[in-house]
Amino acid sequence: MSLALTRRLLLLSPIWLILAGPAVQAQTPSRPPMVMDWERLGELARDMASRPHRDVDGRLPPDLAALDYDGVRDIRFRPARATWQDRKLPFEVQYFHLGLYQTRPVRIHEITPEGTRALPYRSEDYDFGRNRLQPQRWGDLGHAGFRVHFPLNNPAYKDELVVFLGASYFRALGAGQQYGLSARALAIDTVGSPEGEEFPRFTDFWLVRPAPDAQAITVLALLDSPRATGAYRFEIRPGTTTSMTVQARVYLRESASPIRTLGLAPLTSMYLFGENQPRTNDFRPEVHDSDGLMMVTGEGEWLWRPLQNPRAISVSSFSMQQPRGFGLMQRDRRFASYEDIEARYERRPSAWVRPIGDWGPGRVELVQLPTPDETHDNIVAYWVPQRLPAPGQALDFSYELLWQGDDAQRPPSAWVAQTRAGYGYTRLDAQSQARQPKFILDFTGPALQQLPPDAPVQAVVSTGPGGRLIEAVAYPNPDLRGWRLSLRVERDSLNQPLELRAFLRHRDDTVSETWTHLLLPQ
């Protein structure tokens, strides 16, 4: 099943249903609780990589397997049964029930000062709603996943802070945010492999019991897939920006089908349409969880790639010797840009990956897939290291993952506030407009705000093969306290993609990030 067909979260639903790949029929026995720390977890991942992969049984009890989406959504965890609620700790944990897309259980444990204990599935922890089921016959099914609660927005109420559910997917929120894009632990052959994408999955979690005054929570996780295993440690700090420090140790298995693309710190989002790709038959001006991919190279160049909903799969790569950061961002945070009172796209978080240490050379890869509606994730971005480790050799890497709202990461100089495509009044016919597309770019930021309106700001524009610059005019935009760039190019062929790049220069200084846009084949 391709990522484009992964069922998205319905934000009004209390239960997440993320497709985690096809179920298999190999039974994995449960493990007894064990003393767990980072080194022991790494040893487990290394030992698993030396053995053939075995997945868990995806079969559910017949009455549970027969439930449709609404039936599974009606199964709710009882908040009074949350882990640590009786201890009055700042964090609490609730669990998700198996059903429908979530057919493979995960094992969850608690690490306490007294030792490690299992947190088993108990049917009495759930309200099954209107469903007519006999859960007492099921035994210990295991959990589908879990969510951590914390008083993020109100000291009197514990909001959802982070959710781990489905394959290696997880999401988090900062204060005032609403769920949008997801992160994953690892992406394997997202595109380009005859066998299709491989979805590694977390099989085991260890929750470290927090102290009564804790401002962070630690989660350990064990990852497994046919061609890779991994140990992961998440230190999660809630706040206006919720930060995760992620430590990972990945091992590859010997395989007759070598991995083509290993994606580190992958992010998954949705882009349906927006200001650069408008749609006339929807009352909403824009619909997306993220509107662009932002990157900064080791040399300090900031890049911005507006997202698109292509007609066919589009893959772009941005090579660099060392990444200083990348992320899928929701820059446009005005309600008027979306006009959706239920979805509230202006509240969706941006996710910024900040590598810790030297990740070495490689590339940021952006995958954009066609989607007919907003219920499908169709955007993926991740880091691909230039060299893969040999089977059994550890690949260690760490990063900070920031879930940001209004105060999101931006370049220190100036950035693209919006990209608009199309014409106002023009004498060009439809065919000429198709061959000579026009873009309006608005730049704003400290480097431009301090310049007088008559400053000699120049647009620097380049096109890839198959295109020519027709016009590029930069002029002040007083409403943004920035500059507007009117840009028009000519395409040799509508059937070929065309790369565009543009930034602003003031005398000898670059005063903005680089806008890099791909004109898709028509």
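Which residues have the most contacts inside the largest nonpolar core? They are Phe146, Tyr232, Phe234, Met244 and Leu401, and the core to which they belong has 85 residues. A nonpolar core is a set of buried Ala, Val, Leu, Ile, Met, Phe, Trp, Tyr and Cys residues joined through side-chain atoms within 4.5 Å. Buried means under 20% relative accessible area, exposed means over 50%, and partly exposed lies in between, for a 1.4 Å probe and protein chains only.

The model is predicted: local features need pLDDT of at least 70, and side-chain atom pairs count only at pLDDT 80 or more, while totals for chains, interfaces and linings use all residues. Residues are numbered from 1 along each chain as its sequence is written, and side-chain values use heavy atoms, with hydrogens and water left out.

Leaving aside neighbours within four places in sequence, Leu401 is in contact (heavy atoms within 4.5 Å) with Phe170, Ala183, Thr242, Ser243, Met244, Leu267, Ala351, Trp352 and Val353.

**Aromatic rings**

A pair of aromatic rings is described by the distance of the centres and the angle of the planes. Rings of Phe, Tyr and Trp (its six-membered ring) pair if their centres lie within 6.5 Å; planes under 30 degrees apart count as stacked, over 60 as edge-to-face and the rest as tilted. The structure holds 23 aromatic pairs. Two of them are set out below.

| Pair | Centre to centre | Angle between planes | Type |
|---|---|---|---|
| Phe77 and Tyr95 | 5.6 Å | 70 degrees | edge-to-face |
| Phe170 and Phe234 | 5.2 Å | 70 degrees | edge-to-face |

The strands named in this report (E, at least two residues) are DSSP runs numbered from the N terminus, as are helices (H or I, at least four residues). The pair of Phe77 in strand S1 (residues 76–77) and Tyr95 in strand S2 (residues 92–96) links distant parts of the chain, 18 residues apart. Phe77 counts as buried at 7% relative accessibility, and Tyr95 is buried with a relative accessible area of 5%.

The other pair also links distant parts of the chain: Phe170 is in strand S8 (residues 169–172) and Phe234 in strand S13 (residues 228–237), 64 residues apart. Phe170 is buried at 1% relative accessibility, and Phe234 is buried at 0%.

Arg331 lies over the face of Trp304, at 3.6 Å from the ring centre. A charge sits over a ring if NZ of Lys or CZ of Arg is within 6 Å of the ring centre and within 35 degrees of the ring normal.

**Strand pairing**

Strands of a sheet pair through backbone hydrogen bonds, either parallel or antiparallel. Two strands are taken to pair if DSSP finds at least two bridges between them.

An open sheet of four strands has the order S26-S27-S30-S29 and antiparallel pairing. Strand S26 (415–421) and strand S29 (467–477) stand at the edges with a single partner strand each, so one side of each is left without a neighbour in the sheet. Within this sheet, strand S27 (residues 438–444) is joined to strand S30 (residues 482–491) by six bridges. Ile440 has Ser486 in S30 as its bridge partner.

Strand S31 (residues 498–506) takes part in several antiparallel pairings. With strand S28 (residues 457–463), S31 pairs over seven bridges, and Val460 stands opposite Phe503. Five bridges join S31 to strand S33 (residues 514–519), where Leu518 stands opposite Glu499. Two bridges join S31 to strand S32 (residues 509–510), and Asp509 in S32 is the bridge partner of His506. The hairpin of S31 and S32 has two residues between the strands, and Arg507 there takes a positive phi near 55 degrees.

**Further residues with positive phi**

Asp189 is not a glycine, yet has a positive phi of about 50 degrees. Asp189 is found in the loop between strand S10 (186–188) and strand S11 (201–208), and counts as buried at 0% relative accessibility. Ala265, likewise not a glycine, has a positive phi of about 50 degrees. Ala265 is found in strand S15 (residues 262–269) and is buried, with a relative accessible area of 2%.
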